[in-house]
Structures are given as structure tokens and as C-alpha cells.
Amino acid sequence: SAGEFADGTKERPYTSFEQLLPFINENRFVNVILSGEMAMPQKNTVISSNVQITGQNDGRIVFLPKSSLTVRNSSLVISDCIISYAANHTKGEESEISANLIQIERGVLDFNNVELSAAFAKNGTVINAENSVVTVKNSGITSSADSYSSALAAVESKISIRNSTVTTVAGTSINFSAQGGIFELRSTQCKIVGVMGRIAELFDTQSSVTDNTFSADLKKQLSSTSAVYTDSRNVSVEYSGNKESGF
């Protein structure tokens with residue numbers, strides 16, 4: 001078949017991410033036009049060069065059970081794509097794993113017009129960033145798990161979420177948690193569903209949180225629960241225009 005001799009041209013496109021990966025990692029910058037569905041390998045895949053993926057004709061990236069992605073010392077820009085992940089909900093070892101779907105290490109992640117849905121087993125975080133830059137705009141992220149779930153967890157990173165929709169469903173449900181760095185959340189609809197949770201937990205960041213809609217559907221109404229928790233070291237540069245319900 002044509003796939004055997006794939007070289008990334010229109011005539012002989014790559015048909016799987018495995019075929020594409022060697023090409024990605026031996027080039028400094030790769031521009032991928034994604035048409036239709038691309039399944040990720042059922043293991044952790046490391047990207048160490050700069051990749052731009054633009055969807056056309058219903059471009060979809062499917063993370064299968066055990067699939068995850070690490071972006072290391074490089075950048076990943078995804079536009080106009082649908083991304084999905086569903087864990088194996090088998091009892092036993094598999095479901096005990098705490099999962100990060102996308103791990104960014106000293107790198108850059110940029111989502112524009114991306115719809116991402118992730119269904120973890122016991123615990124799961126969609127985007128985990130360390131010393132990185134993450135920008136999400138005009139996008140939707142939905143994350144669910146049995147016990148604990150968050151859409152984004154960041155350490156010493158620069159985070160910007162704008163004009164997006166973020167929903168987390170889990171026993172303990174957190175949209176965002178950030179430690180150090182800069183955290184910016186603007187004009188975004190945020191929702192948490194579960195037993196308890198918060199929209200954001202910010203520790204020692206410089207935060208700007210403006211014009212968002214925060215809603216909660218929680219079984220435990222803690223009188224002290226605020227939508228956004230900040231510790232004493234957090235510098236809140238802006239906090240205005242946010243609407244809250246269910247807190």
C-alpha cells in the first residue's frame with residue numbers, strides 16, 4: 001500500500017503517528033496538516049523538536065489507553081483539531097495509575113480552536129507543565145475521572161487561558177492548579193462537577209483573573225469554598241468581572 005512508502009507528501013501521506021515520529025525528531029521544525037483521524041501510540045511519546053499540527057476536514061488526534069505525550073525542550077502548536085482520550089476502565093493496576101495526558105517540560109504548548117475531551121480512570125490531569133509556557137485560546141477542555149481530575153497543573157510556568165470553556169468532572173474536581181510563575185485566565189467559562197473542588201488553586205503565582213464565568217455543581221458545600229483559592233504568597237494583579245454560581 002502507499003502507506004509503506006509514506007514520505008509525508010500529498011501523494012504518499014503518513015498514515016500513523018509512528019510513521020511520522022522519526023521525521024519529527026530528526027527535523028528542527030515540522031508542519032503537519034492533519035486530515036481525518038490519527039491515533040497515538042499506546043505508550044508515552046516524546047517530542048523533542050518544534051511541531052505545528054493544523055487540522056483540516058475534521059482533523060482528530062485520538063489518544064488510546066496508555067497513550068500520552070511529552071513535549072521536551074520544544075514547542076507543540078495545535079490548531080483546528082479535536083483531541084480525545086479514554087482510559088481502560090478495567091479494575092486493577094491499570095486504573096490505579098495517575099495519568100498526565102500531555103506533559104510539557106521546559107517547552108511550549110499552544111492550543112487554538114481545539115476541542116479536547118479526556119476520560120481518565122482513577123486520577124488524571126490533561127496538561128501538566130513544568131518551567132513551560134502554555135497558551136489556550138478559543139478552545140474547549142473537558143476532563144473526567146473517578147477520584148481526582150484537573151485540566152491543567154503547572155509549576156513555575158507561564159499560563160494563559162482565554163475565550164475558552166473548561167469543565168472538570170471528578171470526586172475532587174479542579175480546573176487549574178498553579179505553583180509559581182504567571183497565571184492568566186480571561187473571558188473563559190469554567191465549571192466543576194463532583195463532591196468537592198475549586199476552579200483554581202494558585203500558590204505563589206502572579207495571577208490575572210478577569211471576566212470569567214465560574215460554576216460549581218458539588219455534593220459538599222463547604223462554607224469556606226471559594227471559586228479561586230490563593231495562598232498568602234500569591235500576587236493577584238487583577239481579579240475582576242468574574243461571575244460565580246454554586247460556590
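Which backbone oxygen does the side chain of Ser 132 reach at 3.3 Å? Have a look at the close-ups of this predicted model to find out.

**View 1. Ser 132 sits in a loop between two strands.** The strands on either side are E8 (123-130) and E9 (133-137). To get back to the opening question, the side chain of Ser 132 reaches the backbone oxygen of Ile 104 at 3.3 Å. That side chain also reaches the backbone oxygen of Glu 130, this time at 2.7 Å. Ser 132 has a relative accessible area of 3%, so it counts as buried, since the cut-off for that is under 20%. Skipping residues up to four places away in sequence, Ser 132 touches Ile 104, Glu 105, Arg 106, Gly 107, Glu 156, Ser 157 and Lys 158.

**View 2. Helix H1 and its buried residues.** H1 runs over residues 17-25, and Phe 17, Leu 20, Leu 21 and Ile 24 are buried there. These four cover an arc of only 115° around the axis, so they end up on the same side of H1. What do the buried residues of H1 pack against? Their partners are strands E1 (29-39), E2 (44-47) and E3 (50-63).

**View 3. Tyr 148 in strand E11.** This strand covers residues 148-162. Is Tyr 148 buried, partly exposed or exposed? Its relative accessible area is 28%, so Tyr 148 is partly exposed. Now find Gly 171: Tyr 148 and Gly 171 are 23 residues apart in sequence, yet 5.8 Å apart in space, going C-alpha to C-alpha. Setting aside neighbours within four places in sequence, Tyr 148 is in contact with several residues, among them Lys 122, Asn 123, Ala 170 and Thr 172.

Terms used:
Residues are numbered from 1 along each chain as its sequence is written. This is a predicted model: local features need pLDDT of at least 70, side-chain atom pairs count only at pLDDT 80 or more; totals for chains, interfaces and linings use all residues. Side-chain values use heavy atoms; hydrogens and water are left out. Buried means under 20% relative accessible area, exposed over 50%, partly exposed in between (1.4 Å probe, protein chains only). A polar contact is a pair of N or O atoms within 3.5 Å; within protein, one must be able to donate a hydrogen and the other to accept it, and residues adjacent in sequence count only if both atoms are side-chain atoms. Contact means heavy atoms within 4.5 Å. The arc is that of the directions from the helix axis to the C-beta atoms.
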